[in-house]
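Here's a quick briefing to read alongside the model. Have the viewer open and follow along topic by topic.

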Amino acid sequence: MKIDMLMPQMGESITEATISKWLKKAGDFVNKDETILEITTDKVDSEIPAPASGILTEVLYAEGDVVPVKNKIAVIDSEGKASAAPESHVTVEKNIAEPKKMESAPVASKQEVIDVTEESGDSKFYSPLVKSLANKHNLTMAELDSLRGSGTAGRVTKEDVLDYVEQKTKPQAAAPVATQVIAPVQPIASKPAAPSKADLPTNQWLPDGTKRVPMDGMRRAIADHMVRSKHTSPHVYTVQEADVSKVSKWRAIHKDEFKKREGFGLSFTPFFLEAAVKALQEFPIVNASIEEKTIVYKKDVNLGCAVSIGNTGLIVPVIKKADERNLVGLARSLNELALKARDKKLTPDEVTGGTFTITNPGVFGTMIGTPIINQPQSAILCLGAIEKRPVVVDDMIAIRERCYITLSYDHRIIDGAISAQYLAFICNYLANWDMERGLF
């Protein structure tokens, strides 16, 4: 039986990915779950396993090709055997036409043209697609190194290379020919038209004190996703204040034991994750979504946790079936996904299927946030910074550790009363933390 391999979707807003490396070639026998190729997106680098054992009979795209998600990229014959697949019977297709030679640009010498295996002198990383474009347009490594990348962490993108080639191949204005003519009387010259924004240089400071920097792929994806969310959901916000004094004391008692056993620190975030999950079980409408005029309830709580990736953007890995995990299990999953997110090693399953999201800008000192809903979900919980504040307790002033929590919700299916009850449940759960509870 022939099995089609499709380009996976590495996140809700990802529409395409680049094939960075094939680890198997057409005709090879592959085992199920064996990694056969590596892909790259603006958010995630990932290894893609074989969906079944058999012969890799068709490879439909080459390294460096940009492929839309859910497009077929390869075919595996699950009935094939390693010795039963002569290479002459294997189909290898290419979806990219041979590049045409440029006539207007000067051709570099053979020694100067970039080899796809050549590394930059200053250790810059270039994707296979960028190297392929450089070869196609006869760019030298020195030219490639001179480009200022607009991608993540300054990485040179396809657009950077194509912009450079376009500028390089523009015909130069011919020098004026000196002639002796009697100039007619000219009317007062009108003010020259201002250059269009498209003609302004990028990544350079202009006389007016500004510079124009193109968005990288991740920022464009986030921008599109956020605009779509605002157009889709009527956003409403509810804020309550949570007392986490007991949680803080319990954490102080157990954090050393936790770190010794687990190998990483116990932050406050898992406590909020557990409280949020318990509240979703009490108010399942907050875990639901909308499909046209239908409300879709979700049996499982798949908890998205926003992770900041430096100054380049964020990604939302998902803890699947978070309702089946205890505090330690949630902490383990959160730590593992956060590390993989920052290393760009998340799998497609780890960034899709979320039913509810939590974001924690409080770690950066934010007091109150009003985040945008992560579509197609219906709500997102925002955690503010935990601070010691004087409050009135039993008609006396006391010092308590407190923070503001915000629920951004879709008013099409969640009403203000439900949002208030949801937050009140979380606040009550945290304020009455069981001090006798064991860690494991």
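Arg389 counts as buried, with a relative accessibility of 14% (buried is under 20% relative accessible area, exposed is over 50%, and partly exposed is in between, using a 1.4 Å probe and protein chains only). Salt bridges that share partners put Arg389 into one network with Glu241, Asp243, Glu387 and Arg402. A salt bridge here is a side-chain nitrogen of Lys or Arg within 4 Å of a carboxyl oxygen of Asp or Glu.

Some housekeeping: this is a predicted model, where local features need pLDDT of at least 70 and side-chain atom pairs count only at pLDDT 80 or more, while totals for chains, interfaces and linings use all residues. Residues are numbered from 1 along each chain as its sequence is written, and side-chain values use heavy atoms, with hydrogens and water left out.

**Salt bridges**

- The salt-bridge count comes to 12 by this rule.
- Arg389 pairs with Glu241, and their closest N and O atoms are 2.8 Å apart.
- Helices (H or I, at least four residues) and strands (E, at least two) are DSSP runs, numbered from the N terminus.
- Glu241 is partly exposed, at a relative accessible area of 28%.
- Another salt bridge links Glu262 and Arg332, again with 2.8 Å between the closest N and O atoms.
- Since Glu262 is in helix 5 (residues 245-262) and Arg332 in helix 7 (residues 327-342), the pair ties together parts that are 70 residues apart in sequence.
- Glu262 counts as buried at 18% relative accessibility, while Arg332 counts as partly exposed at 39%.
- Glu34 and Lys24 form a salt bridge too, with the closest N and O atoms 3.1 Å apart.
- Glu34 is in the loop between strand 3 (29-30) and strand 4 (35-40), and Lys24 in the loop between strand 2 (16-22) and strand 3, so the pair ties together parts that are 10 residues apart in sequence.
- Both ends of that pair are partly exposed: Glu34 has a relative accessibility of 25%, and Lys24 has a relative accessible area of 21%.

**Strand 17 and its partners**

- Strand 17 covers residues 356-359; Phe356 and Ile358 point one way, Thr357 and Thr359 point the other way, and all are buried.
- Strand 17 pairs with strand 13 (residues 303-305) in the parallel sense, over three bridges. Strands pair if DSSP finds at least two bridges between them.
- Within that pairing, Thr357 of strand 17 is the bridge partner of Gly304.
- Strand 18 (residues 379-383) also runs parallel to strand 17, and three bridges join the two.
- Here, Cys382 of strand 18 is the bridge partner of Thr359.

**Negative patch**

- On the surface, Glu16, Glu159, Asp163 and Glu166 gather in a patch of negative charge.
- A patch is made of residues with over 30% relative accessible area and no salt bridge, joining like charges within 9 Å, or nonpolar side chains (Val, Leu, Ile, Met, Phe, Trp, Tyr) within 5 Å. Asp and Glu count as negative, Lys and Arg as positive, and His and the chain ends are not counted.
- Helix 3 (residues 158-169) gives the most to the negative patch, with three residues.
- Glu159 lies in helix 3 and counts as partly exposed, with 36% relative accessibility.

- Most residues other than glycine have a negative phi, and most peptide bonds are trans.
- Lys70 has a positive phi, near 70°; it lies in the loop between strand 7 (66-68) and strand 8 (72-77), and is exposed at a relative accessible area of 58%.
- Asp395 likewise has a positive phi, near 65°; Asp395 is in the loop between strand 19 and strand 20 (396-410), and counts as exposed at 77% relative accessibility.
- Gln375 and Pro376 are joined by a cis peptide bond, with omega about 5°; Pro376 is in the loop between strand 17 and strand 18.
- Pro8 is in the loop between strand 1 (2-6) and strand 2, and is buried with a relative accessible area of 16%.
- The C-alpha atoms of Pro8 and Ile73 are separated by 9.8 Å, though the two are 65 residues apart along the chain.

Key:
Accessible areas come from the Shrake-Rupley method with a 1.4 Å probe; for residues, only the protein chains shown count as cover. The place of a charge is taken as NZ of Lys, CZ of Arg, CG of Asp or CD of Glu.
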